Amino acid sequence: MNIAEIPNQIQSAVSLVRMLGAPLEALLVLASLVVAVIAIVPALTGWRRGALLGITGLLVAGEALLVWFHWSLNRAAVVIDPSTGEVAARVAVPLWIESEKLYVWALLVAVMGVFARRQRDELLPGIMLTVSVLAASAAVLGKPFTEPLPQFLAQYDQYVQATLSGVPQAVVGAYEGMLNGVRFFYNTPYMWVHPPLLFFAYATFAISFVATLEMIRYRHSSFETTAYRWARLGYLALTIGMLLGFPWALAAWRGESWWWSGKVNMSIMMWLLYTAFLHARLYLRRKGMWKWVAALGILSFVVLVLTYVATYVVPGAHSYA
Amino acid sequence: MVELEDIRQRTWDFGLTIATVVLLAGLGLQSFAGTIYVWWAQTTIPGWEQSSYGAYVEAMNAIAAPMLVGLVVVMGLCVPKRLLSRRLLLWASLAMVALGGVAYLASGEIAVGVAIYLGFAALIQIAVVALTLAGTRGPSYLTEGRLVKTGSGLLHLGFIVFGIVVAVLQNSVAMLPVFAAAAVLMAGGTAMSFYANRLSWRRHPESRHEHPIDF
């Protein structure tokens, strides 16, 4: 394996994803605007399902491009044992990190919106607005196609440069650093289960939030049931996802300050709020209780958004800040 | 007379739910305050992680421990309410808290006191789940009510076992298997509680379980 050729292989994959993805990113922003307008304007009610299907198709096409990109990276990005010259690992970069997090969230909400059956017509405008905000944010802030995986590419480039330098200490240090990244982050089974479950939960909670708003608007108990059904699905995924983060953190962050860190605190708060929400609704028949349940539903989702934002703002082991 | 007992039971249940929500809110507020503090400390105090992180974690653990114990006490009073008498449960809970307190005073470590308390709570919870299952007769028992109760018992047992892992098993070889048991109990219990109707042999249309709200 000639390590000097790897940067060229990665660069050609990056170039292709940029070339195909740049118009897709622009199209996503435009589609988000159109979807938002169709969701809001009553005269365009008949276009709603088609608009949601359209932006979902766009997101799925983009995801297919990203899957190809990650597969190409997996073929090219290897970690070579300096003592034997053999390939010690291939980096499997997950599809829900760095610049692709918001994209995955948008995609999941869109797909759920397409497949949702119960009270779909009533929920559609809210789901469409959520998808348009997430998709536009993914394109403008995340830039998954024009600035793909900046941290991974920088980290891997450093590893290659250190390996090519031939300085024994630098080569061994770079190898061990990259191998740790592969073992405890990119390739670990936790990484392939923990974040997807959380994003799945985030998507269901977004739809539950829309249904809660509809309950407040229409004052009809069937919306509360819809909000509960989405929330219980999300709560199950959230609970399993968060639980799986615990042994992973113990293994990957041994000696680091992760316990009671900002992101962990926010995640615990979010879980507690959804727990309270699901408990409080048991007493909906009591007069005025629905207001508390609605308030908890809204507060829980606000905290969910803050938990996501905390990753970029509050420093710590679990953070990009 | 039956109606009065029913009203008492409902008031008791409602009180326990309110206590649960208040304790969850307390832990939530603590988490929020912790986030703000960490944010402030890491951005304004140079080398905070090296100098003060340990003390911060100890303080957070000390604040959370009584609320965690309170939550488990409420769970203990709540779940088996139709299996054991309320008076017996209250006395058992008080005795367990006292034993945990003695263990804390003897060892000087909050984690040990919490773990002792949680150990007893786990035993009671196992008994509750066993009694729930033992109260079933034949395949026709799989009604939603029975499944919900069993699921709830398993979920609460998983929560208690997870608490034991966090309190005392983080650096033990037993951590992973015990954690796995807690995860299975919590996930399985949650699924059983939420989807009892779909898992039940006697399926009912879910619309029956809508809560009619007096807006």
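Ser31(B) lies in helix 1 of chain B, residues 2-44; helices here are DSSP runs of H or I with at least four residues, and strands are E runs of at least two, numbered from the N terminus. Ser31(B) has a relative accessible area of 1% and is therefore buried (buried means under 20%, exposed over 50%, and partly exposed in between, with a 1.4 Å probe and protein chains only).

Before going further, note that this is a predicted model, in which local features need pLDDT of at least 70 and side-chain atom pairs count only at pLDDT 80 or more, while totals for chains, interfaces and linings use all residues. Residues are numbered from 1 along each chain as its sequence is written, chains are lettered from A and ligands numbered from 1 in the order in which they are written, and side-chain values use heavy atoms, with hydrogens and water left out.

Next, select the whole contact between the chains, which takes 52 residues from chain A and 50 residues from chain B. Chain A and chain B bury about 4,600 Å² between them, 69% of it on carbon and sulfur atoms; this buried area is the accessible area (1.4 Å probe) that two parts lose on being put together, summed over both. Highlight Arg232(A), Leu243(A) and Trp260(A), which supply 16% of the area that chain A buries against chain B, more than any other three residues. Between the two chains the count of salt bridges is 0 (a side-chain nitrogen of Lys or Arg within 4 Å of a carboxyl oxygen of Asp or Glu).

Now colour helix 8 (221-252), helix 9 (262-280) and helix 10 of chain A, each of which supplies at least two residues of the side of chain A that touches chain B. Helix 8 of chain A gives the most to that side, with 17 residues.

Move on to Val313(A), which is found in helix 10 of chain A and counts as partly exposed because its relative accessibility is 33%.

Finish at Gln158(A), in helix 5 of chain A, residues 150-165, where a relative accessibility of 60% means that Gln158(A) counts as exposed. A distance drawn from the C-alpha atom of Gln158(A) to that of Trp258(A), 100 residues apart along the chain, spans 26 Å.

Methods:
Contact means heavy atoms within 4.5 Å.
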